[in-house]
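Biologist: I would like to learn how to read a protein model. Could you take me through it feature by feature?

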Amino acid sequence: MTKVFISFLFSLFLLTSIPVGSAAEVTAHNYKPEKTVEAVKKIIPRWHEAVGTVQPKTDVRVEARVTGRVHKVLVRPGDRVSAGDPLIELDNRASEIRMQRARQNVDSAVSSVGQAREALSSAKARFSKTESTYRRMKALHDKNVVTTEELEQDETSYLQAKAMLAQAEDALDEAKSRLEEARKGAQEATIIAGYTTITAQEDGIIAKRKAEPGDLALPGKELLTLQTGGSLRLEAMIREGLISKVHIGDKLPVVISALGTQGNIEGIVEEIEPLADPVTRTFMAKARIPVEPGLYPGMFGRLYIPIEKTETVLIPEKAVIRVGQLETVMVKSGSDWQQIFIRTGRIYKGMVEVLSGLSGGEIIGIGGGPL
């Protein structure tokens, strides 16, 4: 701590001792650095900052399929849910009554089918008996054993039994149809009753809650917003002069300022809207970004688009001495050290861009202080 404080006083002394109008460098005969590095020239890209907003890749509107009053809301924003988890319960009293009636209709239809089958069995027995009698009497009539009047009586009984058999068969078919309709009605009532409990269709996180107990739920009315897919996007607006430099699949730097150093991440361009906003003359580009702790939809972010590549001088950020708005570095000059005023630009992974003051190849001192 003492060493750093002495170094700071030494730098401050050098800066405050420069008279107005003097050269932007000071010779320090008694300076000794902790280590030295070389100012290097590198080809780096120039970037354009396209501002945007973090958005979920997929938002699901949770809605009711039936009309009903909200009885319970089982989740809150930020809750993580799995597919099938209950989210909202609607008042199910009306659907329960409907299910009871449907089950009663099924029971009644089953009973009707049983009765129709018994009637059909009786009609078949009578038909079989009258048919046998009619055929026997017809054979005897052909042999002139019985009279025509006796044959006609048996034939009448036979035809009546045949007609009653047909009616019994029709009655059974009708009873079966009613049973099928009753079963479909019961199935429909069961499905509707199931709709009174609204469940998550996919895994995700509850993003918004728009319903409270007592609210009326209607088909088409959003009750919750579920963020699914497990990934986020930065939706950035790119001016029309740069849209040709961005392509699907490009990997571009993304900075989320709210996350600090953890917000420097990589985005992959997944979508570019081909229609420009006529007011701002910008295009919407959507870059997929990884899910990071503390990263939420709605946060501000920047998408960096490479414009051109230029040669620049880079030095370690630790080599820059800052006092107020002034920036200096210690540069070796022969056997001595000089404090040179510089102007810095962007930071690249611990290296800072020097816009003026250095030309590359200089030996830079880091740390240290007076002998």
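Predicted model: local features only at pLDDT ≥ 70, side-chain atom pairs only at ≥ 80, totals over all residues.

Biologist: Let us begin with the rings. How do I read an aromatic pair?

Modeller: A pair of aromatic rings is described by the distance of the centres and the angle of the planes. Rings of Phe, Tyr and Trp (its six-membered ring) pair if their centres lie within 6.5 Å; planes under 30 degrees apart count as stacked, over 60 as edge-to-face and the rest as tilted. Searching the whole structure gives three aromatic pairs. Take Tyr134 and Tyr158: their ring centres are 5.1 Å apart and their planes are at 5°, so this pair is stacked.

Biologist: Which helices hold Tyr134 and Tyr158?

Modeller: Tyr134 belongs to helix H2 (residues 93-142) and Tyr158 to helix H3, so the pair ties together parts that are 24 residues apart in sequence. Helices here are DSSP runs of H or I with at least four residues, strands are runs of E with at least two, and both are numbered from the N terminus.

Biologist: Are Tyr134 and Tyr158 buried or exposed?

Modeller: Both Tyr134 and Tyr158 are buried. Buried means under 20% relative accessible area, exposed means over 50%, and partly exposed is in between (1.4 Å probe, protein chains only). The areas themselves come from the Shrake-Rupley method with a 1.4 Å probe, and for residues only the protein chains shown count as cover. Ring pairs also join Phe127, Tyr134 and Tyr158 into a cluster.

Biologist: Now the charges. How many salt bridges are there?

Modeller: A salt bridge is a side-chain nitrogen of Lys or Arg within 4 Å of a carboxyl oxygen of Asp or Glu. That rule gives a count of 17 salt bridges. One of them joins Arg135 and Glu131, at 3.1 Å from N to O. Arg135 and Glu131 are four residues apart in helix H2, which means about one helical turn separates them. Arg135 counts as exposed at 54% relative accessibility, whereas Glu131 counts as partly exposed at 22%.

Biologist: Could you show me another one?

Modeller: Glu63 forms a salt bridge with Arg61, and their closest N and O atoms are 2.9 Å apart. Glu63 is partly exposed, with a relative accessible area of 29%, and Arg61 is partly exposed at 45%.

Biologist: And which parts of the chain does the salt bridge of Glu270 and Arg233 link?

Modeller: In that salt bridge, the closest N and O atoms of Glu270 and Arg233 are 3.1 Å apart. The pair links distant parts of the chain, with Glu270 in strand S13 (residues 264-272) and Arg233 in strand S11 (residues 222-239), 37 residues apart. Glu270 is partly exposed, with a relative accessible area of 25%, but Arg233 is buried at 12%. Salt bridges also link Arg233, Glu270, Glu271, Glu273, Lys286 and Arg288 in a network.

Biologist: What about charges that have no such partner?

Modeller: They can form patches, made of residues with over 30% relative accessible area and no salt bridge: like charges are joined within 9 Å, and nonpolar side chains (Val, Leu, Ile, Met, Phe, Trp, Tyr) within 5 Å. Lys and Arg count as positive, Asp and Glu as negative, and His and the chain ends are not counted. The place of a charge is taken as NZ of Lys, CZ of Arg, CG of Asp or CD of Glu.

Biologist: Which residues gather in a patch of negative charge on the surface?

Modeller: They are Glu149, Glu150, Glu152 and Glu155. Glu152 sits in helix H3 (residues 148-195) and is partly exposed, with a relative accessible area of 46%.

Key. Residues numbered from 1 in each chain as written. Heavy atoms only, no water.
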